[in-house]
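I opened my notebook to look up how some parts of this structure sit against each other. Come along and check each entry against the picture.

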Amino acid sequence: MTVLGNQAVRDIETVLHPYTNLAAHRDTGPLMLERGKGVFVYDSRGKDYIEGMAGLWCLSLGHGHEELIEAATAQLRKLSFAHLFNGKSHDPAVELAEALKGMAPTPTSKVFFCNSGSEANDTQVKLVRYMNNALGRPAKKKIIARDKAYHGVTVASASLTGLAANHTDFDLPIPGILRTACPHYYRGAQDGESEDDFTSRLAAELEALILAEGPETVAAFIAEPVMGAGGVVVPPASYFPKIQAVCDTYDLYVISDEVICGFGRLGTPFGCQALGFRPDSISVAKALSSAYVPIAAVTVPETMYEATLEASRRIGVFGHGFTYTGHPVAAAVALKTLEIYAREKIVEQVAAKAPQFLAHLRRLADHPLVGNARGLGLVGGIELVADKATKRSFDPKLGVGARCVRFAEEEGLIVRALASDTISICPPMIITPAEIDELFARLDRALARTL
Ligand code: PLP
């Protein structure tokens, strides 16, 4: 039995942990992290770990970036807080909206700021409803999301999420959310089905769902380009073009959840550009500020803006927004983050480092425990299986993925175990080639111990 230190006992006594097996946590206690520099983070005993998950898919520029610290400090000194309610504004919000409008892969008219990915996707749900009421088609409200999607945990965004743990006993999803298949070829393909046949079948299923519900009732489709928390699912190249065609046919508003894939993670500015679809709107968060401060955003096309303007003329106030919408400190840090991405050519950096990263993943596919290794850009996952030939998963009760994560921590690497014992890897985008090799050397040792 582990003997827990004083800090661990205090944590267990006081903190309700998000996304944690609460029963197991009482026995194991927390990993207490104290400081970080670059891609490394150090625990309270001084042991180093590689940030193999960039925190939670977010710490793109690594720890301790002096320019970001300076941007936050300078803004805190100048104007510590100002809100955007009742038409008030400030330079950092305007400049960040201009920057996002200039770079977004959408026909953007306005930018709406939030504090988290969940709030961004909640905002998407509300804007879709508001727009369709304003356009005089109040029946067109249903939103299609995918099995295994992760769009957040607030009531509406958790309903878009397609993972059981986010619904069970929370009495979710809310009505009006429809579910279509996850494009996981390794798990979802039928015997002998080619990738192309698989994606044609998924597109046909989507179309059948829309027709069964009535196209006049279906408003939007939301997707992550590469699914993150659902298991790092990289769809076949033909998937999104076929899905986009179905969405176009039935006038669906397409939302790309770029919370993980945005700002270069896949080696393109936005994930939808790597996967070949044309969203009407994107949700961004995480790497928008390199995770230094919470901030998120939703892009709003002209049609949506015109509709909300029209509704506001009728109703009065546009009744949505958060105290911290466009917080000046968060906006200043995000602006500096975007400036650093541009100056340091982060998209090109990721594209240049991706082959080395993906070669390590391909090598791991030969490991006896790894059923499937997949990735794109600088994000990847390895799915651990009990039997490679039959793809049989381990009994979840065995906690094989969690054991691998524990061994990785002992070897000095932070990774995460997702559903189906998929180990996810998503390092800071500034990771060097030598650090990529070191990350995988530590993962190799963890896998050898998991066997
Ligand atoms: N969307 C995606 C694709 C995510 O990965 C996440 C979080 O991991 C969210 C939305 C929710 O973001 P947040 O945790 O900031 O609410």
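Predicted model: local features only at pLDDT ≥ 70, side-chain atom pairs only at ≥ 80, totals over all residues.

**Entry 1: two helices crossing.** I looked up helix 15 and helix 16 and found that their crossing is right-handed. (Right-handed is when the near helix is turned clockwise from the far one by less than a right angle; anticlockwise is left-handed.) Helices here are DSSP runs of H or I with at least four residues, and strands are E runs of at least two, numbered from the N terminus. Residue numbers start from 1 along each chain as its sequence is written.

The axes of helix 15 (residues 400–410) and helix 16 (residues 433–450) come within 8 Å and cross at roughly 130°. Axes are lines fitted to C-alpha atoms, for helices over the stretch in contact, with angles from 0 to 180 degrees between N-to-C directions. Helix 15 and helix 16 are therefore oblique to each other (under 35 degrees is roughly parallel, over 145 roughly antiparallel, 65 to 115 roughly perpendicular, the rest oblique).

I then listed who makes the contact (C-beta atoms, placed from the backbone, within 7 Å). Helix 15 brings Val400, Arg403, Cys404, Phe407 and Ala408, while helix 16 brings Arg442, Leu443, Ala446, Leu447, Arg449 and Thr450. By class I noted seven nonpolar, one polar and three charged residues. (Ala, Val, Leu, Ile, Met, Phe, Trp, Tyr, Cys and Pro count as nonpolar, Asp, Glu, Lys and Arg as charged, the others, Gly among them, as polar.)

Entry 2: I traced an open sheet of seven strands in the order 4-10-9-8-7-5-6, with mixed pairing. Strands pair if DSSP finds at least two bridges between them. Strand 4 (108–114) and strand 6 (177–180) are the edges, each pairing on one side only. Inside the sheet, I found three bridges joining strand 8 (residues 253–257) to strand 9 (residues 281–284), which run parallel. Asp257 has Ser283 of strand 9 as its bridge partner.

**Entry 3: the ligand.** Which residues are closest to the ligand? I found 16 residues around the ligand, the closest being Ser116, Gly117, Ser118, Gly152 and Val259 (C-beta atom, placed from the backbone, within 6 Å). Helix 6 gives the largest share of this shell, three residues. I also sorted the shell into seven nonpolar, seven polar and two charged residues.

Terms used
Contact = placed C-beta atoms within 7 Å.
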